[in-house]
Structure formats: structure tokens, C-alpha cells
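Please look over the fold below before reading on. The report works from the whole chain down to single residues.

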Amino acid sequence: MLGEIIDAILSVKGSTKQGFPAKYWLKLCDHNMKSLVKNAYLNLYSDATKHQNWASSVNNLWVTCYMSEIWINQGSLYKNKIVKILKNFFYNKYAQLWWEYIDREESKLRKYKTFKNNISLENYLLCTNDINIRREFTKLRISAHQLHIEMGRYSRPRKTPLSDRICGHCNSREIEDEEHFILFCHGYKDERDALFANLNSFTTFESLNTEQKFHFIMSYNEGDVEILKHQFNSLEFGAKPVFFNNQR
Ligand SMILES: [Zn+2]
């Protein structure tokens, strides 16, 4: 879920946790030498190497970002770009940790990482006010659904072996994963035919291979909001949440 709304999270963190102290520090650096607040800061500054204080925290911020020279120059370096530099640093740091996290062998986001290409706020979260649509599509994308491929993880007394997590909606004996559910399961043929007919009427969807079709739907063709709306409309999400909301 964090990956779906990451821009919002980073913009909040960027403007408070890291951005605000940096901006305030810059202001202090520019203050008149006669000002009381500037002198208070200079006291902290001279003490920062001996004791932990607010100034040493600002110093640590720059050390963390491998930009000690900004501290050494006391705000005179990259003056107008400092907050942007900070935000980029933390964005890249977060992105690196996030990709490493979802790329783990045991990650349940095994499908998600195949179509999630950018860490940014997803368009589908903005293109409809219907919370049901947003929730169901998010659940499908991040594998928080009720397909057997996931439910088998939680069966008791022990996990269902992967090869036994077969579909109960058709006679195929195939594993009920996201691809089977969206592209193959006979139990959802009517909904699928309606969706594919819609997509074929204004895209080249039909010419795609199986993997491309799956990615096209799960990523609404790299964020195309018009396609996404078509998907939602075709599925009559609000009135008939059958295709994505696989209730049992
Ligand atoms: Zn099936």
C-alpha cells in the first residue's frame, strides 16, 4: 500500500521531518549577527562538537546525506536548492529500500513487482471518488485478495502447498492466481468477455500476448486513466463487484 501512495508520504516527510529543520537552519544562517536568535544559534553551533544539541542534529542530517560540505559552509552552498536536494536524497533512499523489500524471495508482492514500475502516487487513486473501486483494485494489485494463491498461505494447521492452491470456480485444476483469475478462469468468462470487448474497441489489447495483457490490466497500461475508467465501467464495479471482488 505504501508504494501506491508514496508521493504523498514523501511530500509530508519532506516538508516536516527533514525539510522544515533545513529551511529554518538556512534562515538562521542568514540572520543578522546582532540578532538574539542568531547568537543563540552560534552558541549551539560552537557547542555542537562537544554536546548533542539542535545544531549537532542539523549537522547529522547533512552527514547522513553525505553532504557535510553544506554544514561546513553554513548554508552558503547550494542555497536555493537545499530542500530539493534533501527531498531527492530521501526519495532515492526510500526507493532503494522499498525495491529491496518487495524483491525478497519470500515477498507476497511477487506479482506487484512485475507491473509496478514507478514509485509514485497511482492515478487510479485520483480518478474516482468511489472508495470501493480504489480499495478493490488496490487489493488485487498488492495481492491482498481472496484468491487461493494467497489464502493458501493462511490455512491451518499448515499452509496449503502451492501446487494445491487450485481454483474452485472452474474445472481447470489450475492454481488460482491473479493471471488465472483475470485471463483464464471460466467462472468469470462473461465479465472477462465484456471487459476485453471494451478494451479492444479503442486499444490494441487483442494483439498483446498473455503476459502483456496481464500487465496491461493490472497497470491500466502504464497509468492511462481513460483505460482505467473503461476497466471500471466495464466491470460495473459499484453495482456488480464480481470480477475483482472475489467474495466467497
Ligand atoms: Zn478457475
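**Model and confidence**

This is a predicted model, in which local features need pLDDT of at least 70 and side-chain atom pairs count only at pLDDT 80 or more, while totals for chains, interfaces and linings use all residues. Residues are numbered from 1 along each chain as its sequence is written. pLDDT is the predictor's confidence in each residue, from 0 to 100. The protein chain averages 82, and 86% of the residues score at least 70. Over residues 236–248 the pLDDT is below 50. That stretch still has 23 contacts in the model beyond near neighbours in sequence. Two residues are in contact if their C-beta atoms, placed from the backbone, lie within 7 Å.

**Fold**

The protein chain has 13 helices and 0 strands. Helices (H or I, at least four residues) and strands (E, at least two) are DSSP runs, numbered from the N terminus. Of the contacts with a separation of 6 or more, 59% join residues 24 or more positions apart. Buried residues make up 19% of the 248 residues. A residue is buried if 20 or more other C-beta atoms lie within 10 Å of its own, exposed if 12 or fewer, and partly exposed in between; these C-beta atoms are placed from the backbone.

**Cores**

A nonpolar core is a set of buried Ala, Val, Leu, Ile, Met, Phe, Trp, Tyr and Cys residues joined through C-beta atoms within 7 Å. The largest one has 8 residues: Tyr124, Ile133, Phe137, Leu140, Tyr220, Ile227, Leu228 and Phe232. Helices α7 (131–141) and α13 (225–234) each supply at least two residues of this core. Leaving aside residues up to four places away in sequence, Tyr220 touches Tyr124, Ile227, Leu228 and Gln231. A second, separate core has 7 residues, among them Ala22, Trp25, Tyr41 and Ala55.

**Helix α10**

Helix α10 spans residues 189–202, 14 residues in all. From its first C-alpha to its last it reaches 21 Å, close to the 20 Å expected at 1.5 Å a residue. The expected span is 1.5 Å times one less than the number of residues. Which residues of α10 are buried? They are Arg192, Leu195 and Leu199. Seen down the axis of α10, the buried residues fall within an arc of 70°, so they line one face of the helix. The arc is that of the directions from the helix axis to the C-beta atoms. On the other side of α10, Lys189, Asp190, Asp193, Ala197, Asn200 and Ser201 are exposed.

**Loops and backbone details**

Leu147 lies in the loop between α7 and α8 (148–151). Leu147 counts as buried because it has 20 C-beta neighbours inside 10 Å. Its C-alpha is separated by 6.3 Å from that of Asp177, 30 residues apart along the chain.

Pro157 sits in the loop between α8 and α9 (178–184). The peptide bond from Arg156 to Pro157 is cis, with omega near 10°.

Helix α12 (residues 220–223) holds Asn221. Neither residue is a glycine, yet each has a positive phi.

| Residue | Phi | Other C-beta atoms within 10 Å | Class |
|---|---|---|---|
| Asn221 | about 45° | 19 atoms | partly exposed |
| Glu222 | near 60° | 12 atoms | exposed |
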